Amino acid sequence: MLRFDRANVMTAIAAAGVLLLLLAGAGIVMYNEVSYKEAKAQQVEAQSRVLASTVTAALAFDDRKAAREYVNALAVDPQIQAVAVYDARGHLFAAYARDGEHALPAATAVSDPRLDGDVLKVTVPVAQGRNTLGSVYLETAIDPISRRLERYAIIALLVSMASLIFVLLGLAQRRLAEANERLRRQGIDLAEANENLLAQIAQRESVEGALRQAQKMEAMGQLTGGIAHDFNNLLQVILGNLELLQRRKLVADDEANRMVASAVRGAERAATLTQRLLAFARRQPLDPRPLDVNKLVQGMSDLLHRSLGEAIRVETVLAGGIWRVAVDANQLENALLNLAVNARDAMAGTGKLTIETANVHLDEPYAQANEVRPGQYVMIAVSDSGSGMTPEVTAKAFEPFFTTKDVGKGSGLGLSQVYGFIKQSEGHAKIYSEPGDGTTVKLYLPRLAGAASGERVAVGAPALPAGREDRRILVVEDDEDVRTHAVTMLKELGYTVLEAADAESALRLFDAHPDVRLLFTDVGLPGGRNGRELADALRRRNPELAVLFTTGYARNAIVHHGRLDPGVDLITKPFTFAALANKVHAMFERCEVTAREAPQP
Amino acid sequence: MRRRCVAFFAALCGMLAPPLAAQAPNVEYAVKATYLYKLAPFVDWPAGTFTGPADPLVICVAGEDEVADLVDEAVKGQSVGSHPIAVVHLAAGATTPCNILYLAERGNARAAMLERFRGMPVLTVTDNAAAAHGIVNFVVQDNRVRFEIDLNAAAANHLTISSKLLNLAARVLPRP
């Protein structure tokens with residue numbers, strides 16, 4: 001609005017300027033006209049008086065000839081039309097007329113200059129002292145109106161040129177103002193567009209960064225998962241054979257026994273390592289059970305004190321009414337222990353470790369930015385008063401083998417295990433850290449909807465339960481070393497064992513020996529059927545058949561979204577002798593209880 | 001057209017100024033008598049000549065009484081500026097103070113008179129004088145009374161003659 005007003009004002013000013021110029025021009029012309037006539041009149045009167053003065057003697061002495069000479073002298077002026085000198089009696093004394101037709105008045109009264117058309121007429125007395133000797137009459141043509149207009153045309157031209165300049169200036173000013181306004185608006189638009197673009201770029205960069213990070217983690221997960229799987233099989237063979245060596249007391253030599261024990265410890269550490277790699281790759285088989293996080297944290301306090309030492313205080317802030325979650329308790333303990341160990345290292349021996357729990361809600365924007373589903377979560381925050389991390393370190397902290405610890409002090413797999421486990425549990429992990437201000441790692445576990453049931457079963461018995469000959473087990477495993485090892489172990493425990501390398505031969509064996517009570521099968525099998533399909537096929541033949549899967553890492557066949565299907569048991573490679581013995585024994589016991597409780601057909 | 005106009009003016013002139021030849025000698029003197037006082041406005045007397053604006057301009061006439069009478073007649077009712085005009089009949093040898101001296105007489109008497117008034121602020125006027133003439137000398141040309149002016153004599157009498165008058169003179173004797 002303001003812009004238009006200004007333009008209008010400019011136009012008005014220009015118009016007023018032009019009008020003023022025109023008025024001034026007209027005024028100049030009128031003034032010129034009047035002053036020209038006045039000047040002309042004065043000139044004519046002066047000429048008359050000069051003549052009157054010079055002609056006195058001629059009149060006094062009645063010298064017409066001299067008078068005529070004076071009169072003729074005036075006629076040199078081309079504008080003078082007629083001149084006449086009259087004597088005291090009013091009689092014509094001497095005269096000149098430019099135009100023959102020009103009638104001279106016979107006698108005239110003395111008068112001021114008067115305009116008669118384009119002719120100026122004046123009569124002045126010829127006086128000598130008090131005596132009037134006669135009069136002089138003069139007629140002068142003034143410039144005709146056309147001539148005067150020609151003169152004024154120059155003024156008009158100047159005025160119109162000035163007006164034109166004024167108008168042009170006004171127009172130019174208006175154009176300039178409009179152009180400026182356009183430019184200003186374009187500038188604003190451009191700035192807005194630029195801002196939008198920058199915002200979009202920033203958003204895209206952040207999304208791309210997150211995507212890259214996710215892809216990197218995924219790629220690393222696949223790589224580590226693949227390696228770990230193969231390693232597991234090899235470790236199984238090594239560990240199994242070493243245990244058999246110990247168990248059968250084949251080595252009498254004490255030193256050789258110590259060497260075997262050392263080899264077992266080494267293999268077990270290697271197994272732990274591969275377990276963590278699988279955890280990061282989200283391919284460790286999880287056994288999620290309904291869980292009270294507060295109870296788990298409380299139960300860990302002894303373990304934490306032992307792990308952290310006396311110099312580090314452990315403080316727990318546990319929220320009341322905490323929601324239940326469904327996670328693998330062992331892995332959660334592992335994760336918290338990993339975080340505690342990291343915190344201890346960051347605090348260089350002294351400080352305070354705080355574990356908090358809380359019910360939180362992750363809203364849509366946060367969820368989108370962090371690749372997690374929005375909703376209700378139980379948060380476990382582990383904070384230390386340590387040295388903290390730079391943003392660069394924070395960004396890479398979850399990557400496997402990334403460590404700031406000295407060589408040999410850490411594996412670089414602690415936080416990646418946490419990350420993989422939480423992700424596999426459909427949760428979310430986030431690190432907040434400032435150099436010098438300590439670090440907080442927050443774990444978010446999805447709230448378990450529905451009623452809670454069952455506490456976890458205590459695992460591990462002091463003595464290995466022995467097998468029985470009537471408990472027949474079918475072992476299906478494509479890796480011959482692993483199969484041989486498993487078969488050897490189970491036979492060692494006292495079970496009757498059948499073995500098969502693939503699903504087809506397993507089906508044939510089962511048909512030949514329908515008294516098989518337990519199927520112990522690898523998940524991944526060559527040929528048409530995998531372990532799960534084999535189990536389903538055999539269970540159709542004998543619904544009471546117990547199934548124990550084993551795998552290096554969980555496959556979709558038995559693990560959906562990282563969880564075991566109900567009614568399926570799993571033992572992960574590499575498994576120890578004791579773990580296998582306990583697991584198989586527990587399964588047989590459960591089967592028999594179920595069989596006893598079930599109504600007889 | 002122009003020719004007709006000129007003829008008209010000529011006729012007018014003729015009517016207004018009849019040729020002298022056709023008139024009596026009295027007429028000639030009557031004209032001269034008028035000229036005497038008409039000369040006065042074109043002549044500057046030295047300062048102090050007139051003590052006041054009402055001082056009379058004195059015209060002395062030396063010669064026949066008829067001429068003096070004509071002058072008397074001519075100045076009747078006239079004045080020169082603010083000055084009234086007085087006419088004095090000058091007897092031979094008299095030394096009345098004059099502003100204008102008209103020597104109508106001829107011969108030695110005139111020369112003596114001129115000599116007497118030489119160096120005095122008096123406009124001397126002579127009549128058809130060949131040798132001893134006054135500042136203004138009347139002559140008759142083409143039947144018209146005209147005059148000659150002797151600037152040398154005017155200077156001798158401390159008088160200044162207006163150029164307007166000089167323009168009308170038939171002859172001007174310049175200063176040497």
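A polar contact is a pair of N or O atoms within 3.5 Å; within protein, one must be able to donate a hydrogen and the other to accept it, and residues adjacent in sequence count only if both atoms are side-chain atoms. In this predicted model, the side chains of A:Asn294 and A:Thr357 are joined by such a contact, at 2.8 Å.

**Surroundings of A:Asn294**
- A:Asn294 lies in helix α6 (residues 293-299) of chain A.
- With a relative accessible area of 12%, A:Asn294 counts as buried because the cut-off is under 20%.
- Beyond its neighbours within four places in sequence, A:Asn294 touches A:Leu318, A:Ala319, A:Ile322 and A:Thr357.
- A:Ala319 is 25 residues from A:Asn294 along the chain, and their C-alpha atoms are 7.9 Å apart.

**Helix α12 of chain A**
- The 14 residues of α12 (residues 480-493) should span 20 Å at 1.5 Å a residue, and the end C-alpha atoms are 20 Å apart, in agreement.
- At the start of α12(A), a side-chain oxygen of A:Asp479 comes within 3.1 Å of the backbone nitrogen of A:Asp481.
- The buried residues of α12(A) include A:Arg483, A:His485 and A:Leu493.
- A:Gly494 follows α12(A) and has a positive phi, near 110 degrees.

**Interface between chain A and chain B**
- Chain A contributes 26 residues to the contact and chain B contributes 23 residues.
- About 2100 Å² is buried between the two chains, with 59% of that area from carbon and sulfur atoms.
- There are 0 salt bridges between chain A and chain B.
- On the side of chain A that touches chain B, 10 residues are nonpolar, 7 polar and 9 charged.

Note on methods. Residues are numbered from 1 along each chain as its sequence is written. Chains are lettered from A and ligands numbered from 1 in the order in which they are written. This is a predicted model: local features need pLDDT of at least 70, side-chain atom pairs count only at pLDDT 80 or more; totals for chains, interfaces and linings use all residues. Side-chain values use heavy atoms; hydrogens and water are left out. Helices (H or I, at least four residues) and strands (E, at least two) are DSSP runs, numbered from the N terminus. Buried means under 20% relative accessible area, exposed over 50%, partly exposed in between (1.4 Å probe, protein chains only). Contact means heavy atoms within 4.5 Å. The expected span of a helix is 1.5 Å times one less than its number of residues. Buried area is the accessible area (1.4 Å probe) that two parts lose on being put together, summed over both. A salt bridge is a side-chain nitrogen of Lys or Arg within 4 Å of a carboxyl oxygen of Asp or Glu. Ala, Val, Leu, Ile, Met, Phe, Trp, Tyr, Cys and Pro count as nonpolar, Asp, Glu, Lys and Arg as charged, and the others, Gly among them, as polar.
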